[in-house]
Each structure stands twice: as structure tokens, then as C-alpha cells.
Amino acid sequence: MRILTSDEISLLDRADEWRFVGCRERELAGRELPPDREVPEDCHHFRELMMVLSGECEVRVGEELYDAGPGAMFWFDSDVRHDRRCPYVAPDCRQLWIYFLPDAFAASLFEVRSSQYALLRRYWQKDPNLVELLMRAWSAWTEAATPLARRRLRAGMELLLVSIREQEAEAERNSQPAPDRRSDAIQAITRHLNQTLGIGDNLKSLARLSGYSRSQFLRLFRRHIGCNLREYLNRLRLRRSIELHFAGYSQKEIADRLGFASVSSYYHWRQRHQK
């Protein structure tokens with residue numbers, strides 16, 4: 001069944017009503033973050049996007065606070081502090097959160113109603129060309145918020161939201177369960193880990209990127225990969241350490257590249273896991 005309302009679906013089409021808030025350009029007026037505001041925050045190494053679909057909410061970006069309504073779109077770059085999803089004390093609202101992998105994106109529709117917080121639907125799409133287009137447009141807009149950079153970013157976002165509308169329309173037409181994308185999601189996570197080696201990642205962030213809860217993600221990862229997450233990361237890092245060694249890197253350089261705090265911690269890890 002369809003989850004998005006007619007007004008929310010219409011908003012996805014009305015790009016002229018979107019208001020962007022990013023590192024260099026902010027189409028909404030912010031105010032200084034109150035020192036006594038106590039809302040859980042997030043800060044991670046991947047990019048994340050949030051769009052308000054209905055209702056009103058407060059959103060933290062860095063050290064500023066924004067009053068946001070339908071069409072507000074927050075582009076959280078890597079390592080930017082922001083609110084962790086919807087605060088439980090927020091007014092009634094619906095938010096669409098979008099997370100990017102190297103060749104796919106995952107999205108989650110959340111609702112706060114009567115101070116109760118709920119996940120309504122997950123979306124998933126493998127589309128490496130679209131993700132690359134959006135990431136390049138985002139980087140260009142971050143470097144220089146020109147009208148051309150903004151138009152390119154808006155055009156890429158329109159394409160992404162077409163995919164979400166199509167998935168919503170499919171859910172409305174078909175009473176059967178949605179296509180099983182679990183294998184695609186886990187394979188996308190492994191490609192992400194091959195790039196990052198898990199540096200800057202944690203269970204919470206990886207589960208979010210996959211579009212599943214932490215417990216679901218761990219079960220799916222073992223089922224589709226054949227080992228648990230820690231074992232997989234150790235294999236990746238061990239293989240990379242061997243490659244770096246034969247490429248002539250020093251032990252300190254290898255330890256740094258693999259995310260270890262010191263050469264000694266890298267050495268002890270290697271002794272435990274090298275066969």
C-alpha cells in the first residue's frame with residue numbers, strides 16, 4: 001500500500017518549493033544553537049540528506065538551528081554535526097532520510113506523531129550513474145554555490161526522487177511484498193567497505209546505509225557473505241596490509257592507512273589475524 005500522501009508526492013515534483021541548506025548555501029535563516037538544547041546528535045564520515053515532507057521541525061546543522069517545513073532539504077556533508085533523526089519532542093512531521101553508497105542509495109521515511117517516532121518505509125535503488133552524478137554535483141555546490149551548481153544538484157535530486165515515487169507507485173499497485181533487495185544492499189555495503197576498510201564506519205552507520213536495523217543488518221550480512229562483519233573487515237585490512245607492504249610502505253604508514261592508533265596496536269592485530 002502507498003505510504004506517502006498526495007501532498008507529499010506532489011512536493012517531490014515541485015522543485016521550485018525546495019529550500020537547500022548546506023555548507024556554503026543556506027536558503028533558510030538559521031539561528032545560534034541554544035547552549036541548553038539536549039537532542040542526540042550524529043556525526044559520521046558519509047554524506048546524508050534529509051527532506052521535510054510534511055509538518056514542522058527544528059533541525060541542527062553544525063552550530064546553527066533551523067525551523068523547517070515541507071520542502072526544506074538539508075545536505076549533511078561528511079563530519080558535519082546534526083540532529084539524530086527526529087527528536088521525540090518534535091511537532092508532528094514526516095522526514096525522508098537518504099544515504100549514499102558508492103553505487104546505490106537507501107532512503108527511510110520517518111514520522112513523529114504525538115511524540116511517537118516510527119519508521120514507515122524503506123526505499124532502495126542501485127544506480128551507480130545517478131549516485132556519481134549527485135556526488136559530483138554536491139561537491140561542486142559545496143566548493144562554489146553558484147546558480148549553475150545549484151541547478152545541477154537540483155536536477156540530480158529530481159532524478160533520485162523519481163525513483164522513490166516509482167517505488168511508492170509500485171507499492172500502491174501491487175499488494176504483494178516489494179522486490180527482495182537484501183542481497184543488493186549487502187553487496188553495496190561490501191563495496192563501500194572495500195573503499196573505507198571500515199575506517200569511520202560503525203555498526204549503526206552501516207546498518208543505516210543498508211536500510212535495515214542493526215540486528216537485521218548483522219543477520220543479512222552473515223547470511224549473504226558467509227562470515228560476520230568483524231571477520232570480513234579483518235580480512236580486508238589484512239589483505240590491504242600485505243598489498244601496502246609489497247608496495248614499499250613502512251609499518252607506520254601501513255598502520256596509519258589502516259586506521260590504527262599506533263604501530264604496536266597494528267602489530268598485535270596482525271599477529272592475531274595473520275595465518
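In which loop is glycine 200 found? In this predicted model, glycine 200 sits in the loop between helix 4 (182-196) and helix 5 (203-210). The legends below begin with the whole chain and then turn to close-up views.

**Figure 1. Overall view of the predicted protein chain, with nine helices and eleven strands.** The radius of gyration is 20 Å, close to the 19 Å that the globule rule gives for 275 residues, so the chain is as compact as a globular protein of that length. The C-alpha trace spans about 60 × 45 × 40 Å along its principal axes. Of the 275 residues, 45% are buried. Contacts between residues at least 6 apart in sequence join residues at least 24 apart in 63% of cases. The accessible surface comes to about 14,300 Å², and carbon and sulfur atoms account for 48% of that area.

**Figure 2. Loop between helix 4 and helix 5, with leucine 197 and glycine 200.** Leucine 197 has a positive phi of about 60° although it is not a glycine. The relative accessible area of leucine 197 is 4%, under the 20% limit, so this residue counts as buried. Glycine 200, in the loop that joins helix 4 (182-196) to helix 5 (203-210), is partly exposed at 29% relative accessibility.

**Figure 3. Loop between strand 7 (72-76) and strand 8 (82-83), with aspartate 79.** The phi of aspartate 79 is near 65°, a positive value in a residue other than glycine. Aspartate 79 has a relative accessible area of 42% and is therefore partly exposed, as that class runs between 20% and 50%.

**Figure 4. Aromatic cluster of Phe20, Trp75, Phe100, Trp138 and Trp141.** These five residues are linked by ring pairs. The structure as a whole holds 13 aromatic pairs. Arginine 47 lies over the face of tryptophan 138, at 4.6 Å from the ring centre. Arginine 154 lies over the face of phenylalanine 20, and here the distance to the ring centre is 4.5 Å.

Figure 5. Is leucine 161 buried or exposed? Its relative accessible area is 0%, so leucine 161 is buried. Not counting residues up to four places away in sequence, leucine 161 touches Leu12, Trp18, Met51 and Leu96. One of these contacts, tryptophan 18, is 143 residues from leucine 161 in sequence, with a C-alpha to C-alpha distance of 12 Å.

**Figure 6. Phenylalanine 260 in the loop between helix 8 and helix 9.** Which residues are in contact with phenylalanine 260, leaving aside neighbours within four places in sequence? They are Ala255, Ser265, Tyr266 and Trp269. With tryptophan 269, phenylalanine 260 forms a tilted aromatic pair, 5.2 Å centre to centre and with 45° between the planes. Both partners of this pair are buried: phenylalanine 260 has 17% relative accessibility, and tryptophan 269 has a relative accessible area of 4%. Isoleucine 199 is 61 residues from phenylalanine 260 along the chain, and their C-alpha atoms are separated by 9.4 Å.

**Figure 7. Buried face of helix 9 (residues 263-273), formed by Tyr266, Trp269 and Arg270.** Why do the buried residues of helix 9 line one face? Seen down the helix axis, they fall within an arc of 100°, so they line one face of the helix. An α-helix has 3.6 residues a turn, so residues three or four places apart point the same way. Helix 7 (229-246) and helix 8 (251-257) are included in what covers the buried residues of helix 9. Two of those buried residues, Tyr266 and Trp269, are also in contact with phenylalanine 260.

Definitions and conventions
Residues numbered from 1 in each chain as written. Predicted model: local features only at pLDDT ≥ 70, side-chain atom pairs only at ≥ 80, totals over all residues. Heavy atoms only, no water. Phe/Tyr/Trp six-rings, centres within 6.5 Å; stacked < 30°, edge-to-face > 60°. Buried < 20%, exposed > 50% of the residue type's maximum accessible area, 1.4 Å probe, protein only. Lys NZ or Arg CZ within 6 Å of the ring centre and 35° of its normal. Helix = DSSP H or I, 4+ residues; strand = E, 2+ residues; numbered from the N terminus. Rg over C-alpha atoms; globule rule 2.2 N^0.38 Å. Contact = heavy atoms within 4.5 Å. Areas by Shrake-Rupley, 256 points an atom, 1.4 Å probe, with all protein chains shown as cover. Arc of directions from axis to C-beta.
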